[in-house]
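Here is a short report on one model. It covers contacts, a core, a helix and a ligand shell.

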Amino acid sequence: MGARRVRSYSLLAKSMHWVFIGVFAYAVINQVDEVEELEHFTRLMKEVLFAIIFLSLLLFRFIYMRSARAAMPQLDMPKSLILLARTVHLGMYVSLALIAITGLIIGGLYYFGVKDGLVLEGILLSHEIFFWTSVNLMGLHIAGAIYHRLQGDGVWSAMVPILKEEPDK
Ligand code: HEM
Ligand code: HEM
């Protein structure tokens, strides 16, 4: 087996990765249970403000991580697996952004008086579909991370603070 490379993301990259999971969990725990809750102006504004902050954090993270990843040593991995990992990462960004964007559209429709009907139903359905797509992609991503930990190729330790593999002496 070749020498194990020491890889590590910056503290900012790691913090964003783990804090963002908390932000997403907060959004899911505090989600709107019934569309009628948006009748309350403060609830509607709170959701809209949260969605804007969520989107800004996601965009900042996306831009920052592009340069952080470019600075990492190349991985000795089949091209197909690299492509799969990148697709899942990009898929998570896109589906997470689309949850917030459809949420903002729901908020806008509700604010301007579209409180039922096919258009609102359609956007609500897409909001839920993007949520479940992101959850499934996260499942695939975690499976990928565990695969890397079993391979001991340094990808896990570059991002995860526990169960790190020992670097080769
Ligand atoms: C980042 C932002 C957001 C996240 C992560 C999020 C997450 C969720 C989740 C997990 C659900 C439940 C899906 C399901 O049960 O399958 C949901 C439903 C919903 N969300 Fe969001 N949401 C966000 C933003 C918004 C915004 C900005 C609005 C509107 C102002 C909104 C309005 C709703 C409504 C009306 C429902 C459906 C409630 C029902 O089933 O009647 N969401 N959201
Ligand atoms: C559940 C929510 C999660 C999301 C949304 C998420 C998202 C991401 C994304 C988009 C990346 C690519 C780098 C970036 O742009 O930040 C990444 C990297 C990574 N994540 Fe996660 N992640 C999650 C959970 C986890 C968990 C639970 C683990 C470990 C058990 C994990 C392990 C890793 C590792 C090892 C990398 C580095 C991969 C590389 O170097 O290419 N992630 N994560």
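Leaving aside neighbours within four places in sequence, F54 is in contact (C-beta atoms, placed from the backbone, within 7 Å) with V23, A27 and A100. The model is predicted: local features need pLDDT of at least 70, side-chain atom pairs count only at pLDDT 80 or more, and totals for chains, interfaces and linings use all residues. Residues are numbered from 1 along each chain as its sequence is written, while chains are lettered from A and ligands numbered from 1 in the order written.

F54 also belongs to the largest nonpolar core, which has nine residues. Such a core is a set of buried Ala, Val, Leu, Ile, Met, Phe, Trp, Tyr and Cys residues joined through C-beta atoms within 7 Å. Buried means that 20 or more other C-beta atoms lie within 10 Å of the residue's own, all placed from the backbone. Helix 3 gives the largest share of this core, four residues.

Helices are DSSP runs (H or I, at least four residues), numbered from the N terminus. Helix 3 has 33 residues. Its buried residues include M92, L96, I99 and A100. Helix 2 and helix 4 are among what covers them. Just after helix 3, G113 takes a positive phi of about 95°.

Ligand 2 has 16 residues around it. Near means a C-beta atom, placed from the backbone, within 6 Å. M65, H89, M138, A145 and M159 come nearest.

Notes:
Helix = DSSP H or I, 4+ residues; strand = E, 2+ residues; numbered from the N terminus. Expected span 1.5 Å × (residues − 1). Buried ≥ 20, exposed ≤ 12 C-beta atoms within 10 Å, placed from the backbone. Contact = placed C-beta atoms within 7 Å.
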